[in-house]
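Student: Hey, I've just opened a new structure and could use a guide. Can we go through it together?
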Amino acid sequence: MNPAHAPGRRPWSRRLTALSGLLALVATVLVGAGASASQAAPAAWSPKPSPMTTPWTNQVPVDKPLPEYPRPQLTRPDWSNLNGIWDFAVTGRDAGQPAAFTEQIRVPFVAESALSGVKRKITENDKLWYKRTFTVPSDWNGRRTVLNFGASDWQTTVWVNGTQVGAHKGGFDAFSYDITPQLNGGTNTVVVSVYDPTQTGGQAVGKQRINDVDPHPGGGIFYTAASGIWQTVWLEPVAAAHITRLDMTPNLGDSTLRVKVQAAGAAGRTARITVSSGGTVVGTATGAPGAETAVPVPNARLWSPDDPFLYDVRAELLDGTTAVDTVGGYAGMRSIAVAEVDNVLRPVLNGKFVFQTGTLDQGYWPDGIYTAPTDAALRYDLQAHKDLGFNMVRKHIKVEPQRWFYWADRLGLLVWQDMPAMDTGKTPDGPARTQWEAEFHAVIDQHRSSPSLVMWVDQNEGWGQYDQARIANEVKAYDPSRLVNNMSGVNCCGSVDGGNGDVVDNHIYVGPGNTAPTSTRAAVLGEFGGLGYKVPGHEWSPGNGFSYEDQASTAALNNRFTGLIDAIRVGQLPAGLSASVYTEITDVENEVNGLLTYDRQVVKVDTARVRAANQALVQASENPAPPVTLPTGLYRSLRVTTPGHTDKYVRHYDQLAFTAVVDGSSPAVLKSDATWKVVTGLANGSCYSFESRNYPGEYLRHKDFRVRRDANDGSALFKADATWCAVAGSGGVRLTSANLPGSYLRHIGSEVWLATPGGTHAWDQQALFTEDTTWAVDAPWAP
């Protein structure tokens, strides 16, 4: 059985002695440079209070937190979890191993977190030290023992029984060491040091900043740092010749799964790969380790958000006919590309366009900071996306543990994976660039077999930007099976567009704004929204939260949010937008623009309503409605469709727009005022402008939300204000502003305004919003 599909099976993790509550009552022989002959016993471990309690805060085991198998894409039945209580110390950055480890820490929670039991600020002047003992199960005799780290931030050095076994730089990629030569056959000691300068160094940091660990005002869009070990530490036994990674790429063109079995010590061996479904073999093939082997998967059941079907994969390293190593994994058969759909370049999943609607997911926790308290918590945020009707998630400048990708694969979410950025406002030097690119490649290797991952996002808003075009080309060459985004937010913050990659990506707050596709790149909205609502009792720093647009109530939040999604459906989707990323799935520290609170205790929005809006958006992309066209060059009158007012028309009076009753007995001037010439949009050729019948050269435009008749002054602003895009409405058309998409021509109290669903103005009120923004395009009163 594949342990990834049976997380309860942990035959060897129970064999290690639990260290929770263990106090050193006698002197301990220390290892490594700078150690003394004995040390004082560390203080007994206890958790620290969390600033906010998630539903899982108090469910974290002391001795074996995160007990699940940590590497679902390369599983073996035998392993030992080293998570739990380690001895701990903090020294100066240049110090050697301390003589005494006077504290304890719960691994793998970072020192800044409450769940670690340390919960204090770590600076660029500090070095973290960890120590624990372990024994190797006797059943592992005859095999090599490998020590694995899911991730540790940032510069990590490891000793076993006094001998350094390795050193690693990087905060987001896994690393491991064969420690067999250092083992003593009994109780072994591992010591780990970690130095993390966070933003004061040159490395990838994402949104980490050195701040006070207690809630405080400020912080903006940056958050508490995460220093040290932050993913599972574990042991596994392997053969001398063993598999190190499975690189799996589905090929729908010939119904095969292309597999490279990466291996160590595999000279003269062959690799055999078997793909099965429900225990039934569907295909098998053999090939050389390190070479691509095509495994047939006939009549493949395709992976998609609607049907996230996974095949089981078994890979064996053969010496002749004998398997010297066997690993398990899984694969999803899917393709991702960009292609023309109705003359618009769009991303296509399995050859079909489906609008990708998702959120920005920062991956922060008030109790664990960078590390989710439990596997159920890790899964929860992804399930929340599904519950809310999203089919995509953008993992924002952080890389999650492999189990997060496992859940994305299992639940069916398309993943845009950011490479964590270097610090903002700095030009990285040569060594920083070399390190950043090496870590990016390691991240790609680690997650390249995940079917959910469909796009690499190289850089964001110009943070630490350099060589955008070159990097995008290199990433595409390194992983040609996925889309590449050279810069998310090319319109923002001084960022420079490399001009290449598969998508052009704008950030527009609140938005949704306009992002236009090109002949070579699909259009995506990499960030928008940021609607804020503070939930009393669920604020990280009460009273200090901020958003891009505060909402007065949950009703207002629901109206505004669904209004944005609807605006994309009726306006931006037909205009060429292919994906959107809402900011954000949860509040994060002082950001209160989440759909959920930071503690995951409250879902702020109406789940059913948000799900319906997202589903309507996706369905509109799969079954597009025909475009709404108006008769250009002809005169028409715009009639109200709101029940009880259908005898009223848009007319101008003293330059302002009103609605008024018009009939056959109306004076000629009223009929003329209520007649407009439909012309091609002044600012957008696919939209329309309305020229006054009796004041040629003057147009219906919005100014400070009020709609009026003004003369065309030739400015870009006027042309945009006077351009309206027609979308389908029940019993008529709706006219949305070309430069404020999602805002509509609306009558209210006989006045005509530019109104926004969920907006805060009197003319934005929700009652009869759809009816008041729907117009019948009738024959003209003054031909």
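Student: Which side chain does Asp 196 join in a polar contact?

Tutor: The side chain of Ser 227, at 3.0 Å. Keep in mind as we go that this is a predicted model.

Student: Okay. Where does Asp 196 lie?

Tutor: Look in the loop between β10 (187-195) and β11 (208-209).

Student: Is Asp 196 buried or exposed, and what is the nearest side chain of opposite charge?

Tutor: Asp 196 is buried, yet has no salt bridge. The nearest side chain of opposite charge is Arg 209, and that one is 10 Å away.

Student: Which backbone nitrogen does the side chain of Asp 196 reach?

Tutor: The one of Thr 198, at 3.1 Å.

Student: And what else does Asp 196 touch?

Tutor: Leaving out residues up to four places away in sequence, Asp 196 touches several residues, among them Thr 123, Glu 124, Asp 153 and Trp 154. Gln 203, Gln 208 and Ala 226 are also in that set, along with Ser 227.

Student: Gln 203, got it. How many residues apart in sequence are Thr 434 and Gln 203?

Tutor: They are 231 residues apart in sequence, but 9.9 Å apart in space, going C-alpha to C-alpha. Thr 434 lies in helix α3, and is exposed with a relative accessible area of 55%.

Student: Let's switch to charges. How many salt bridges does a search of the whole structure find?

Tutor: It finds 44 salt bridges. In general, side chains of opposite charge can pair when their charged atoms come close.

Student: Show me one. What does Arg 470 form a salt bridge with?

Tutor: With Glu 437, where the closest N and O atoms are 2.8 Å apart. Arg 470 sits in helix α4 (residues 468-478) and Glu 437 in helix α3 (residues 430-447), so this pair ties together parts that are 33 residues apart in sequence.

Student: Are those two buried or exposed?

Tutor: Arg 470 counts as partly exposed, at 31% relative accessibility, whereas Glu 437 counts as buried, at 17%.

Student: Staying with α4, which of its residues are buried?

Tutor: Gln 468, Ile 471, Ala 472 and Val 475. If you look down the axis of α4, these buried residues fall within an arc of 100°, so they line one face of the helix.

Student: What covers those buried residues?

Tutor: The cover includes α3, β28 (453-457) and β29 (483-485).

Student: Which residues does UniProt give for the feature "domain: Glycoside hydrolase family 2 catalytic"?

Tutor: The unreviewed UniProt entry places that feature at residues 377-489. In the model, that span is 44% helix and 15% strand, and its end C-alpha atoms lie 30 Å apart.

Student: And what does the annotation "domain: Alpha-L-arabinofuranosidase B arabinose-binding" cover?

Tutor: According to UniProt, again in an unreviewed entry, residues 638-777. The end C-alpha atoms of residues 638-777 lie 5 Å apart, and the span is 11% helix and 45% strand.

Student: Back to salt bridges. What does the side chain of Arg 639 meet?

Tutor: The side chain of Asp 778, in a salt bridge of 2.6 Å, N to O. Arg 639 is in strand β35 (residues 635-640) and Asp 778 is in strand β46 (residues 774-778), so the pair ties together parts that are 139 residues apart in sequence. At 21% relative accessibility, Arg 639 counts as partly exposed.

Student: What about Arg 269 and Asp 319, how do their side chains meet?

Tutor: In a salt bridge, at 3.8 Å from N to O. Arg 269 lies in the loop between β16 (256-264) and β17 (270-277), with Asp 319 in strand β20 (residues 311-319), so the pair ties together parts that are 50 residues apart in sequence. Arg 269 is partly exposed, with a relative accessible area of 26%, and Asp 319 is partly exposed too, with 40%.

Student: Which residues are linked in a network of salt bridges?

Tutor: Arg 71, Arg 76, Glu 236 and Asp 325 are linked that way.

Student: Last topic: where is Tyr 130 found?

Tutor: In strand β4 (residues 126-135). Tyr 130 is buried, with a relative accessible area of 1%.

Student: Which backbone nitrogen does its side chain reach?

Tutor: The side chain of Tyr 130 reaches the one of Ile 229, at 3.2 Å. Tyr 130 and Ile 229 are 99 residues apart along the chain, and their C-alpha atoms are separated by 9.1 Å.

Methods:
Residues are numbered from 1 along each chain as its sequence is written. This is a predicted model: local features need pLDDT of at least 70, side-chain atom pairs count only at pLDDT 80 or more; totals for chains, interfaces and linings use all residues. Side-chain values use heavy atoms; hydrogens and water are left out. A salt bridge is a side-chain nitrogen of Lys or Arg within 4 Å of a carboxyl oxygen of Asp or Glu. Helices (H or I, at least four residues) and strands (E, at least two) are DSSP runs, numbered from the N terminus. Buried means under 20% relative accessible area, exposed over 50%, partly exposed in between (1.4 Å probe, protein chains only). Lys and Arg count as positive and Asp and Glu as negative; His and the chain ends are not counted. A polar contact is a pair of N or O atoms within 3.5 Å; within protein, one must be able to donate a hydrogen and the other to accept it, and residues adjacent in sequence count only if both atoms are side-chain atoms. Contact means heavy atoms within 4.5 Å. The arc is that of the directions from the helix axis to the C-beta atoms. UniProt positions are given in the numbering used here, feature names are shortened, and annotations may be inferred rather than shown by experiment.
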